[in-house]
Amino acid sequence: MRFATQGVDLDTVPATVQRYWSSDADLSRDSASADDGLHAEWGQLALWPGPGTPSRQQCAERVSTHGAERVHIPVGRIGCLTTNKDHVAMFKVIRYPDDSFQVTAHVTVWTPPGDS
């Protein structure tokens with residue numbers, strides 16, 4: 001998935017890249033510098049310390065204990081995120097294009113327990 005300043009709504013199936021400002025965006029990028037953080041619009045996000053790929057529960061726990069509104073997730077690393085509709089997401093940053101607000105990432109979104 002590729003998103004930028006307007007963000008991505010991870011609560012929709014499939015996830016929706018926002019083309020204009022929307023209160024539905026869950027994750028965005030506010031800077032063209034690869035060293036700046038990503039922005040959790042409504043929830044929290046955290047860097048997964050690794051190694052390996054976290055489960056839904058591990059991501060939720062990491063965000064609960066280390067979550068913040070803005071976090072730098074380096075290329076090749078995994079971030080965990082909670083959304084405004086209580087979904088938990090995991091994303092691996094693939095690329096921050098030079099001089100661009102874009103982010104390319106592989107994203108997995110888990111529904112809240114009890115949702116069908």
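Hi everyone. When I say one residue covers another, I mean contact, that is, heavy atoms within 4.5 Å. Please keep in mind that this is a predicted model.

Let's start with the sheet. Five strands make up an open, antiparallel sheet, in the order β1-β10-β9-β8-β6. At the edges sit β1, residues 2–3, and β6, each of which pairs on one side only. Further in, β8 and β9 run antiparallel and are joined by five bridges. In one of these pairings, I78 has K92 in β9 as its bridge partner.

Now for the helix. α1 lies across β6, β8, β9 and β10, and runs at about 100 degrees to β6. Which residues of α1 are buried? In this helix, residues 56–66, they are C59, A60, R62 and V63. Around the axis they cover an arc of only 160 degrees, so they fall on the same side of α1. As a reminder, an α-helix has 3.6 residues a turn, so residues three or four places apart point the same way. And what covers these buried residues? The cover includes β6 (45–47), β8 (78–82), β9 (88–95) and β10 (103–110). On the face turned away from the buried side, α1 carries the exposed residues S64 and T65.

One last stop, friends: T83. You'll find T83 in the loop between β8 and β9. Is T83 buried or exposed? T83 is buried, because its relative accessible area is 5% and the cut-off for buried is under 20%. Leaving aside residues up to four places away in sequence, T83 touches L10, D11 and D26. With D11 there is also a side-chain to side-chain polar contact of 2.5 Å.

Notes: Residues are numbered from 1 along each chain as its sequence is written. This is a predicted model: local features need pLDDT of at least 70, side-chain atom pairs count only at pLDDT 80 or more; totals for chains, interfaces and linings use all residues. Side-chain values use heavy atoms; hydrogens and water are left out. Buried means under 20% relative accessible area, exposed over 50%, partly exposed in between (1.4 Å probe, protein chains only). Helices (H or I, at least four residues) and strands (E, at least two) are DSSP runs, numbered from the N terminus. The arc is that of the directions from the helix axis to the C-beta atoms. A polar contact is a pair of N or O atoms within 3.5 Å; within protein, one must be able to donate a hydrogen and the other to accept it, and residues adjacent in sequence count only if both atoms are side-chain atoms. Two strands pair if DSSP finds at least two bridges between them. Axes are lines fitted to C-alpha atoms, for helices over the stretch in contact, and angles run from 0 to 180 degrees between N-to-C directions.
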